[in-house]
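Student: I would like to take a close look at one part of this protein, and then see how other parts are packed.

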Amino acid sequence: LHKFPVRAPSRSALASSAAERSRSGLGSGFRYLTGAATGWWDRWMVMGASGSKLEKALGDQFPEGERYFGLENFGNTCYCNSVLQALYFCTPFREQLLEYYMNNKNPGDAEENLLTCLADLFMQVSQSKKKTGVIAPKRFVQRVKKQNELFRSYMHQDAHEFLNFLLNELVDILEKESSAAKDSPQSSSPEKVPNGPVQPLANGVKKEPPVTLVHKNFQGILTNETKCLRCETVTARDETFFDLSVDIEQNSSITSCLKNFSSTETLNAEDKFFCDKCCSLQEAQKRMKIKKAPHILVIHLKRFKYIEQLGRYKKLSYRVVFPMELKISSTSDDVDTEYSLFAVVVHVGSGPNHGHYVSLVKSHNHWLFFDDENVEMVEESTLQTFFGSSHEYSGNTDHGYILFYEGLGAKSLAISPPPWEIV
Ligand SMILES: [Zn+2]
């Protein structure tokens, strides 16, 4: 785990690439002014100006019932804001969360947790009378800081760590609520079960953990296979995941990163594998396969790499092309899942220790750029400016960091591909 020293977030994300600077001249200039402003008048001006600007840009194409709100930054909380926007525009997740919240909200139960804070925030945005504006996610951020000391400081935080923390925390809350609901008979008072959620059933069979809305949306299954090179026995172990963290290479693409992710790795020398059949350490081959592809595929690009010679983390600004459409084959049912990109969390800055996060989101076929309070419409081609750089020292430091793809439904394959391959 890496910690980051203090630095104010860079406010010039959009302006930092030349193409964008010329395109959005007025908008970013205005943004510099509002960044320094503190009064209510200035805040009102931000809402008024950016709101009407976005509404004007969309005109009568403004999607029915949709809301586009910027999120206030409380001092380096852009890691949080960028992820929140990506999750909000993950429509099945948003809808299921709000539905769950409406059905399970108990007015007498004032207990606040991350789930209620997140649902409240989503509700505040989606139920807003205004179509655009700025919302302060104060209670949510306070709750995050209360819950996890890692996020308590004003230091630059890692958006991927935050996403992980948030999803796991939501799972914990949903599982606890589900088991509390099952364990308490209707007649008894709705008190919390004091001692842990897992209780074996009468016949000794362990209860299956409930499938939460986080699982439904984000969970996939990987198979980790190890083949002993002496006796050729294959040991397979399944692992679940909410996101895939992939190593990146210069001038590559997400497709090749995913191929490398599931390519065969040889375990030898210091790194041998203990084979149960041979009862000894043996050379082995290891590979990861996607057994079940998730509905929402989250790909984390490992841009922060520990460099031993330097004794610190370094940001890799490599150019990694991410496509709008992606195909993943999973091994369990021999199907290809087609995915469509709908959100990108971008890290802005040259190093791991400071910088800024912004996000790009696709909503009703329009791409929107969220930079804390500011929301703008952008062309799809703008996404190319976030691929990275072919040479190390480039002025553009805005790089795609977390990608969100939504599955468009699985297609059965007439001819099965080789089970190893991720297309
Ligand atoms: Zn063996």
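What is the order of the strands in the open sheet of 4 strands, and which pairing do they have?

Tutor: This is a predicted model, in which local features need a pLDDT of at least 70 and side-chain atom pairs count only at pLDDT 80 or more, while totals for chains, interfaces and linings use all residues. Residues are numbered from 1 along each chain as its sequence is written.

The open sheet has the order β4-β3-β10-β7, with antiparallel pairing. Strands are DSSP runs of E with at least two residues, helices are runs of H or I with at least four, and both are numbered from the N terminus; two strands pair if DSSP finds at least two bridges between them. Because β4 (234-241) and β7 (265-267) each have a single partner strand, they stand at the edges, and one side of each is left without a neighbour in the sheet. From one strand to the next, the twist averages 30 degrees. Strand β3 (residues 220-228) runs antiparallel to β4 and is joined to β4 by 8 bridges, and G220 stands opposite F241 in β4.

Turning to the helices, two packed helices are described by the angle between their axes and the distance between the axes. Axes are lines fitted to C-alpha atoms, for helices over the stretch in contact, and angles run from 0 to 180 degrees between N-to-C directions. Helix α4 (residues 78-88) packs against helix α8 (residues 159-183) at an angle of about 60 degrees, with the axes 9 Å apart. The two are therefore oblique to each other, given that angles under 35 degrees count as roughly parallel, over 145 as roughly antiparallel, 65 to 115 as roughly perpendicular and the rest as oblique. In this pair, Y79, C80, S82 and V83 of α4 meet A159, F162 and L163 of α8.

For helix α5 (residues 91-104) and helix α6 (residues 114-126), the axes come within 10 Å and cross at roughly 110 degrees, which makes α5 roughly perpendicular to α6. Here R94, L97, L98 and Y101 in α5 meet L118, A119, F122, M123 and S126 in α6, where contact means that the C-beta atoms, placed from the backbone, lie within 7 Å.

Finally, pLDDT is the predictor's confidence in each residue, from 0 to 100. The protein chain averages 81, and 77% of the residues score at least 70.

Methods
Contact = placed C-beta atoms within 7 Å.
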